[in-house]
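Subject: Structure for you, with notes

Hello,

Here is the structure I promised to pass on. My notes follow below it.

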Amino acid sequence: MHEHKTHPNTAVNEWQAFLAANPDIEAIDAFVIDGCGNTAGKRLPAGDADKLYADGLQFSASCFVADCRGLGHDAGGLGKSDGDPDGVARPIPGTLCRAPWTQTPTAQVVCHMVDYEHGKDLWFDPRVILRNVVEQCRAARLNPVVACELEFYLLDPRRAADGRISPAALPGRPPARRAANLSLEAVEEASDFLRRVNEAALAQRLPVCGAVAEYGIGQYEVNLRHVADPVLAADHAVLLKRLVKGVARAMGMEATFMAKPFMSQPGSGLHVHVSVVDEAGRNRFGAPGGEALLRHGIAGMQALLYDSFAFFAPNFNSQRRYLGLFVPTSRDWASNNRSVAFRVPPGRGEARRIEHRVAGADASPHLTVAAILAGLLHGAEGRLEPSAPVDGRASHGGDPDFPGDLIVALDRLERSALLPPYIPARYLKIYSESKRGEYLEFIEDLFPREYDFYV
């Protein structure tokens, strides 16, 4: 994808055509996608959109290495030591749409940021990191197809006196009191919310293809269809999170993709489905000889799993998710088994795929998919063989090499010898520095329970 090469006149025409079809639009949200999977940008009056489309929008390029709050830690000297220069964000064609949940009629557009002086890609943009891995895959005649599944909780926006959260009360209903896994009644109770999510997804051309009630109280999962452009698949995941949060807020609720919002409830994951197609679009995993390629892909994902773990579990809370049921804490794989890291779901032919079940819902979709495809490529090129598939429940907490601590995971990411052929070592370093800065600021104050334990 080479979004920055679009001619300004073509871009302006896209905006003018959109405005003619949507004359009530008063504002436009223009944003990029950062290393936490958050959107960063500005809301502009609709009258300023012509300038956005003609010249781009200038704001801090270091937003790509900010922490989950959008704050910087001078990772790699970006944001402080370099004087925090602006980049130029340019709208990506085809991403302009309405944001149906906003109070003021508002459009949104995803942007691609380039260097102000030379107009070149910013090497630390997560979309660029993923795009480069995809290009390596395609150069090796591996054409990945990707889909993401996201779990989340609906919350009451009001906090308790100690800051704790609680499940939301759906319109006309009391707060949920029990789990309702796969319950159609629970889906029906949330039908107004889910209908608005579907309507907004349709308006934004997001390929949503189903919703289920999950194990947790007030927890849901929304699925996205497979697409042959992994960057677009990761974009879809980020835009779906923005959409779900926006619709929930418009309905007086809050949606969270926090990995483990309740210790007594299941965590929320980002499950990524991956297959490989040939030049004609046929699934190679399901073709004759495809089982060998599938095994190689799993083996490569096994080899890179722990080195990549800080992408999959990017913060202090992320690690808590691995204490729960059906959350992998080893490199195990199997067919039709949700307790493993790499599941091969039931299905033959075109349905043959690998489900990567490790990442939390708080992970960056772009970095997650980049690490997964790096593993796929690593295994295919090296013709690696995986461990034997497990039978029954995978070992829980039984792998001594499992990086069950954020700092351990960041150390391993930064020292990795396997990832740099696919993801630059300098990016691994600045990502680690940013996450360390976030962690240090997070723990600089006392937790209430410390008084109960240590006073």
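Start with Arg353, which sits in the loop between strand E13 (342–344) and strand E14 (354–356). Keep in mind that this is a predicted model.

Arg353 is buried but has no salt bridge. Glu149 is the nearest side chain of opposite charge, and it is 5.9 Å away. A salt bridge needs the nitrogen and the carboxyl oxygen within 4 Å, so Glu149 does not qualify as a partner. What does the side chain of Arg353 reach instead? The backbone oxygen of Ala351 lies 3.0 Å from the Arg353 side chain. Leaving out residues up to four places away in sequence, Arg353 touches a set of residues including His226, Phe285, Leu294, Arg343 and Pro346.

Ser339 is in the loop between strand E12 (333–335) and E13. Ser339 is buried, at 8% relative accessible area. Its side chain makes a polar contact of 2.7 Å with the side chain of Asn337.

Now the salt bridges. The count comes to 27.

- Arg242 and Asp29: the closest N and O atoms are 3.0 Å apart. This pair links distant parts of the chain, with Arg242 in helix H6 (residues 230–250) and Asp29 in strand E1 (residues 27–33), 213 residues apart. Arg242 is buried, at 18% relative accessible area. Asp29 is buried too, at 9%.
- Arg331 and Asp401: the closest N and O atoms are 3.4 Å apart. Arg331 is in the loop between helix H8 (309–312) and E12, and Asp401 is in the loop between helix H9 (365–382) and helix H10 (406–415), so the pair ties together parts 70 residues apart in sequence. Arg331 is partly exposed at 24% relative accessibility, and Asp401 is partly exposed at 34%.
- Glu414 and Arg436: the closest N and O atoms are 3.5 Å apart. Glu414 is in helix H10 and Arg436 in helix H11, so this bridge ties together parts 22 residues apart in sequence. Glu414 is partly exposed, at 31% relative accessible area. Arg436 is partly exposed at 22%.

There is also a network: Asp192, Arg195, Arg196 and Glu199 are joined by salt bridges that share partners.

Last, the surface. Phe316, Leu440, Phe442, Ile443 and Phe447 form a nonpolar patch there, with about 420 Å² of accessible area together. Phe447 is in the loop between helix H11 (425–442) and helix H12 (448–454). Phe447 is partly exposed, with a relative accessible area of 32%.

Best wishes

Methods: Residues numbered from 1 in each chain as written. Predicted model: local features only at pLDDT ≥ 70, side-chain atom pairs only at ≥ 80, totals over all residues. Heavy atoms only, no water. Helix = DSSP H or I, 4+ residues; strand = E, 2+ residues; numbered from the N terminus. Buried < 20%, exposed > 50% of the residue type's maximum accessible area, 1.4 Å probe, protein only. Lys, Arg positive; Asp, Glu negative; His and termini not counted. Polar contact = N/O pair within 3.5 Å; in protein donor to acceptor, adjacent residues only side chain to side chain. Contact = heavy atoms within 4.5 Å. Patch = residues over 30% accessible without salt bridge, like charges linked within 9 Å, V, L, I, M, F, W, Y side chains within 5 Å. Areas by Shrake-Rupley, 256 points an atom, 1.4 Å probe, with all protein chains shown as cover.
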